Amino acid sequence: MVDAVTTATATDRTTAGRTAMATNFETFLSLLTAQLKNQDPLSPVDSNQFTSQLTQMSGVEQQLLTNDLLTSLLSAQQSGGLSGAANYIGKDTTAAWSAMKLDGGQATWSYELAADAATADLEVLDGGGRVVWSGPAPDRTEGTHDFTWDGKTSAGGQLADGGVYTLKVTAKTGADETIESQTLIRGRITGVELYNGEPYLTVGNSILPLSTVIALQERATTTTPVGTA
């Protein structure tokens, strides 16, 4: 599997490359200086060879400047990613994400069904991928529906706040064919954070990558008519 290159890892690689080239550049200059000092006056360095060496040195110097420019651009991109994400604060969002923290004995998700289902089951999984609760979905019709879990296991035990859980949806037709479904997080964006160069949004008790957002809208405001208390 190919790992995604984030702004942070790209910056680290660029910095490491610049350090290596700078070391090689200094070594090259030292060798060239020593060569000029110790050349035989009766048999000086061939002019074509000397020109070639100078061209190589110029190329390395240009590559160092290019790496410095790339580092600056990556830093600007990282800063811009956070400030750009900050524009989403206060908006209502829908994200294709399933991780939610249990808080106040509750965790709320949404789930979407692509068609009416004959059966639709939900499973709540803990951080280790173990099913701690399962049961029928409250609504099996096509569309998006909300589900609030009370933090209790299938055996009736109450789980402590603070754990992170995910919701899994399985829906089928009367012919036992799978219906497309997905778990969603819906709510108001209250904050942004930066992890490994990628902006994350705070939505309720979930922190989700900006890249998972599939819908945004202005939060509805309530106005009081003039002349009313």
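User: How many aromatic pairs does the structure hold?
Analyst: This is a predicted model. Ring centres must lie within 6.5 Å to count as a pair. On that basis, the number of aromatic pairs is five.

User: Is the pair of Trp 109 and Trp 149 stacked, edge-to-face or tilted?
Analyst: The ring centres of Trp 109 and Trp 149 are 6.5 Å apart. Stacked needs planes under 30 degrees apart, and edge-to-face needs over 60. Here the angle between the planes is 35°, so the pair is tilted.

User: How many residues apart in sequence are the parts that this pair ties together?
Analyst: Trp 109 sits in strand β3, and Trp 149 sits in strand β6. Both residues are buried. The pair therefore joins parts whose separation in sequence is 40 residues.

User: How are the rings of Trp 133 and Phe 147 arranged, stacked or tilted?
Analyst: Trp 133 belongs to strand β5 and Phe 147 to strand β6, 14 residues apart. Both are buried. Their ring centres are 5.4 Å apart and the planes meet at 25°, so the pair is stacked.

User: Which residues do ring pairs link into a cluster?
Analyst: Two of the pairs have been described above. Ring pairs join five names into a cluster: Trp 109, Trp 133, Phe 147, Trp 149 and Tyr 165.

User: Which residues touch the most other members of the largest nonpolar core?
Analyst: This core has 27 residues. The residues touching the most other members are Trp 109, Leu 122, Val 124, Phe 147 and Trp 149.

User: Which side chain makes a polar contact with that of His 145?
Analyst: His 145 is placed in strand β6 (residues 143–149). Its relative accessible area is 11%, so His 145 is buried. Beyond four places in sequence, it touches Trp 109, Ser 110, Tyr 111 and Asp 139. The polar contact, at 3.5 Å, is with the side chain of Asp 139.

User: Is Asp 176 buried or exposed?
Analyst: Asp 176 lies in the loop between β7 (164–172) and β8 (178–179). Its phi is positive, about 65°, although it is not a glycine. With a relative accessible area of 54%, above the 50% cut-off, Asp 176 is exposed.

User: Over which residues does pLDDT stay under 50?
Analyst: The protein chain averages a pLDDT of 79, and 61% of the residues score at least 70. Where pLDDT is low, predicted coordinates should not be read in detail. The stretch with pLDDT under 50 is residues 1–7.

Methods: Residues are numbered from 1 along each chain as its sequence is written. This is a predicted model: local features need pLDDT of at least 70, side-chain atom pairs count only at pLDDT 80 or more; totals for chains, interfaces and linings use all residues. Side-chain values use heavy atoms; hydrogens and water are left out. pLDDT is the predictor's confidence in each residue, from 0 to 100. Contact means heavy atoms within 4.5 Å. Helices (H or I, at least four residues) and strands (E, at least two) are DSSP runs, numbered from the N terminus. Buried means under 20% relative accessible area, exposed over 50%, partly exposed in between (1.4 Å probe, protein chains only). A polar contact is a pair of N or O atoms within 3.5 Å; within protein, one must be able to donate a hydrogen and the other to accept it, and residues adjacent in sequence count only if both atoms are side-chain atoms. A nonpolar core is a set of buried Ala, Val, Leu, Ile, Met, Phe, Trp, Tyr and Cys residues joined through side-chain atoms within 4.5 Å. Rings of Phe, Tyr and Trp (its six-membered ring) pair if their centres lie within 6.5 Å; planes under 30 degrees apart count as stacked, over 60 as edge-to-face and the rest as tilted.
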